[in-house]
Amino acid sequence: MPAHAVHALVLRVVPDRRLPHEDATTLHRRLARFNARRLAPALPRDDWTDELHADSLALLEEGRFVDEERAALRIESHAVPAQAAKFMAWFERLSHDGPGQGDALFPWLAAHADLSQMRWFLAQEAAGEAGFDDLVALTQVRFPVRAKLEMARNYWDEMGRGHERGMHGPMLAAAVTALELQPGIDATVWESLALSNLMVALAANRRYAYHAVGALGAIEMTAPGRVGQVNEGLKRLGICADARLYFQLHATLDVKHSRAWNQEVIAPLVAADPACATAIAEGALMRLASGARCFARYRRHFGVASR
């Protein structure tokens, strides 16, 4: 049987589990739990065939979710130039005019949020954190040498260059502990869960590998200004420097990471194969649009005007 016929058969046999009335919260909580189990180290189980069947259902839901996100941005992503220099000019402009840039949430966090409000925001962000180090590790598989080497350098920085105290993941965990946060799937708005689910989907599925490159590049390029304002808000609230270290570090280091990612990963990939430009653009736009959706939800929670 031809491969396309097998795929069509699977879609007929395994229908969409998402009911017409099901809300986004239910879907993204289910995908978040799937991802938590999917990425956790485990041991063989006797019922692995049942688990595989359940995973196939979740993977179909995940694919449909990503397709919906892609479709919403198709006009913008398909209009980007494929020539490398022009593409990079377009990509770098996203740091100024991409979705969610200059959102009013972050100046408000820096200047006005009280401790309770800041703790709620950070709990949402921590629960939706997919782990940049793991996302890079998943993405770099089988990429060309130049791109792979830059991803390795980025990963090594995320891992504290071999020193536990410098690892970025534990830095965030230290902030969670210091602020006595209790992030969890059921206490997290669906927009934040969707952002995490999107990033895992892009990094874990090779059909989205170039999308992951664009999404990770967008994070590095746009994060410094936002985390810098979060750090200012925490400092204003009297949070000690050790608890703020994650935010202090990313306000400066990501500037360097972004420049290197653009020069050593994205530009060479597009120069070698202009066909990947659309996928990289889709990934970047999806990540920024998903972030913008989170910011809007957070502002509604706090009653902060968009401008």
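A polar contact of 2.8 Å links the side chains of Arg 299 and Asp 103; a polar contact here is a pair of N or O atoms within 3.5 Å, where, within protein, one must be able to donate a hydrogen and the other to accept it, and residues adjacent in sequence count only if both atoms are side-chain atoms. The structure is a predicted model, in which local features need pLDDT of at least 70 and side-chain atom pairs count only at pLDDT 80 or more, while totals for chains, interfaces and linings use all residues. Residues are numbered from 1 along each chain as its sequence is written, and side-chain values use heavy atoms, with hydrogens and water left out.

Arg 299 belongs to helix 14; helices are DSSP runs of H or I with at least four residues, numbered from the N terminus. Arg 299 counts as buried because its relative accessibility is 12%, where buried means under 20% relative accessible area, exposed over 50%, and partly exposed in between, with a 1.4 Å probe and protein chains only. Neighbours within four places in sequence aside, Arg 299 is in contact with Asp 103, Ala 104, Leu 105, Val 304, Ala 305 and Ser 306, contact being heavy atoms within 4.5 Å.

Helix 7 comes next. The 13 residues of helix 7 (residues 115-127) should span 18 Å at 1.5 Å a residue, and the end C-alpha atoms are 18 Å apart, which agrees; the expected span is 1.5 Å times one less than the number of residues.

On a 1 Å grid over the protein atoms alone, a cavity is a set of points where a 1.4 Å probe fits but cannot get out, and a pocket is an open set with protein on both sides within 12 Å along at least five of seven lines; lining residues have an atom within 4 Å of a point. Grid points are joined across faces, edges and corners, and a volume is the space filled by probe spheres set on the points.

The largest pocket has a volume of about 790 Å³. Its lining holds 35 residues, of which Glu 125, Glu 129, Leu 172, Tyr 246 and Arg 287 lie nearest the centre. Helix 12 gives the most to this lining, with six residues.

The second largest pocket holds about 290 Å³ of space. Of its 16 lining residues, Ala 32, Ala 36, Ala 127, Glu 129 and Ser 196 lie nearest the centre. Helix 2 (24-39), helix 7 and helix 11 each give two or more residues to the lining of this second pocket.

The largest cavity has a volume of about 30 Å³. Leu 122, Leu 172, Ala 175, Val 176, Leu 179, Leu 181 and Phe 247 form its lining, and helix 10 supplies the largest share, three residues.
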